[in-house]
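Student: Could you pick one part of this chain and walk me through it closely? I'd like to know what sits around it, and then how the neighbouring pieces are put together.

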Amino acid sequence: MPIIKTENLTKVYKDFWGRPKTRALSGLNLEIHKGEIFGLLGPNGSGKTTALKLMLGLIFPTTGNVSVMGKPPRDINLKSKIGFMPEESYLYRFLNASETLRFYGQLLGLKGKELNNRVDRVLNIVGLDRVRTQPLREYSKGMSRRMGLAQVLLKEPEICVLDEPTIGLDPIGAGEIKDIIQELKNKGTTVLFSTHILSEAEPLCDRIGILYEGRLIAMGALTDILEVKDEVEVVKTRETLEEFYIRTIKNRDTSHFSK
Amino acid sequence: MIQRIFTLSLITIKESINKKVIYLSIFFAFIIILVSRIFTSITPGAEIAFMTDIGLVTISFLGGVVALFLASDFIPDEIRKRTIYTVLTYPVRRFEFILGKFLGISGVVLLSHSLMSLIFLAVLSLSGGAVKCDLMIALALIYGTLLIFSSIVIMGSTFLSPLINIVFSLFFYLLGHLVTYIRHLSERMEDVFTKILLIFFSYIVPDLERFEVKDKLVIDSALPIGITGDCFLYAGVYIVCVMMLAYVAFNEREV
């Protein structure tokens with residue numbers, strides 16, 4: 001059974017008067033399996049964040065269904081099992097790292113020694129232990145991203161949903177986040193992340209999906225989709241993800257214009 | 001559930017402590033109450049009554065300002081800064097979020113109300129006025145109106161922009177002081193539709209007149225027995241209804 005499943009998921013944003021304004025997502029059918037790293041790729045405005053927000057129950061589908069572990073995404077019992085790192089680390093900037101994690105830990109129902117231990121452990125993992133008493137407003141972008149990841153790790157989640165996890169980070173910071181993602185997978189955590197940085201997705205992902213103008217235009221295991229076959233289905237060469245991505249989107253554009 | 005609501009109210013209090021509106025209100029309360037002492041000469045023989053009148057009006061008005069400016073922006077601010085994304089992906093029910101915000105704001109309003117009341121009572125004592133039980137009841141009732149007002153503002157903030165919410169909440173607050181007038185007006189109406197509409201409206205808006213004891217205090221008349229219990233029971237029931245409406249509106253809101 002897929003751990004996340006969407007069926008014909010469509011989201012149309014409406015204006016003040018309830019008239020359709022933007023079709024952000026159209027008929028998304030997606031299955032994400034337990035323990036895999038799934039990369040949701042696509043250019044800016046392709047509907048990646050909308051898809052993630054629908055899976056988290058932050059917004060509601062116009063039509064179609066989404067289920068996480070077989071339950072609707074707003075199910076309260078699910079929420080301690082899913083970690084979400086938004087595109088930017090939207091945290092309370094007047095708190096310091098320790099207070100922030102204690103706040104989220106208390107929302108999880110943790111207390112006492114268990115809470116303290118988990119906060120310490122997570123701050124060590126993300127390398128913010130030494131600046132734990134510094135308010136978040138004084139953090140650099142890289143430190144804020146790590147803090148965003150820390151609140152995800154605090155949950156010890158079964159599913160991690162990461163929206164552009166390395167955006168705005170220097171190569172070292174991005175590398176550290178990729179290592180953490182890989183470590184999560186090794187522990188059996190399912191990771192769904194969105195990105196438009198293809199070099200990031202290729203070494204990490206087991207499977208990818210490409211969203212373009214709200215539609216899923218390609219999906220599959222990286223090993224399968226990057227193989228270029230001839231007419232009798234014999235493997236000739238292997239594309240890079242970047243080549244595949246550009247070819248797929250260009251084909252899409254050509255067919256779109258020919259219509 | 002209680003831990004989550006408590007945690008959310010605590011973060012609301014921590015965030016509010018940084019807001020200038022609280023300190024400005026307390027500062028202005030201090031100035032107005034102090035200045036009222038100087039102007040007691042315009043009411044010879046009724047200096048304490050004059051100070052009581054000015055003090056209670058000031059505390060009520062500035063408490064309302066604190067409640068209005070804090071409560072009208074808290075939920076929109078969480079949505080604007082998107083801190084709500086992370087909070088709502090934790091095991092937090094939306095009614096817990098609303099309730100946490102309300103309790104946090106009630107705590108901050110209580111804090112500012114207490115400080116303003118202390119200033120008022122101190123100045124009154126120094127001017128020779130007695131700190132009577134009825135005066136304490138009057139201050140408690142003002143807090144009751146502030147709680148009702150905060151709940152209305154929070155409800156508005158779940159579906160209105162801060163500016164429209166301020167107008168909407170002030171409209172309710174002002175009409176809340178005119179409930180008797182609205183009911184009298186409905187009795188005089190001949191048109192059945194308008195009559196029903198006015199009666200309906202008089203029950204929708206909070207009856208803040210029942211909390212109004214300032215005039216009795218000023219003329220040194222005793223307050224009715226059990227007024228505090230009656231008023232706080234009314235406030236409790238009204239706030240529960242308003243919070244339920246806030247939950248209904250917020251539960252369907254996309255963030």
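**A close look at one glycine and the fold around it**

Tutor: Let's start with G209(A), which touches L30(A), L40(A), L41(A), L216(A) and M219(A), leaving aside residues up to four places away in sequence. Keep in mind that this is a predicted model. G209(A) sits in strand β8 of chain A, residues 207–212. It counts as buried because 24 C-beta neighbours lie inside 10 Å, and the cut-off for buried is 20 or more. For a sense of scale, take T133(A): it is 76 residues from G209(A) in sequence and 40 Å away in space, C-alpha to C-alpha.

Now on to another strand, β6(A), residues 159–163. Five of its five residues are buried. Both faces are covered, with I159(A), V161(A) and D163(A) on one side and C160(A) and L162(A) on the other. β6(A) pairs with β5(A) in the parallel sense over four bridges, and there I159(A) is the bridge partner of I82(A). β6(A) also runs parallel to β7(A), residues 190–195, with five bridges joining the two. In that pairing L162(A) stands opposite F193(A). To get from β6(A) to β7(A), the chain goes through helix α5(A), residues 171–186, making a right-handed β-α-β crossover.

The buried ones are V119(A), V122(A) and L123(A). They cover an arc of only 100° around the axis, so they are on the same side of α3(A). That buried set packs against α2 and α4 (141–153) of chain A. After the helix comes G127(A), with a positive phi near 70°.

α2(A) and β5(A) come up again at the partner chain. There, 21 residues of chain A are in contact with 20 residues of chain B. β5 (82–85) and α2 (97–107) of chain A each supply at least two residues of the side that touches chain B, and α2(A) gives the most, with four. By type, that side of chain A divides into 16 nonpolar residues, four polar and one charged.

Methods: Residues numbered from 1 in each chain as written. Chains lettered and ligands numbered in written order. Predicted model: local features only at pLDDT ≥ 70, side-chain atom pairs only at ≥ 80, totals over all residues. Buried ≥ 20, exposed ≤ 12 C-beta atoms within 10 Å, placed from the backbone. Contact = placed C-beta atoms within 7 Å. Nonpolar A, V, L, I, M, F, W, Y, C, P; charged D, E, K, R; others polar. Arc of directions from axis to C-beta. Pairing = 2+ DSSP bridges. Right-handed = clockwise from strand over helix to strand, strands pointing away.
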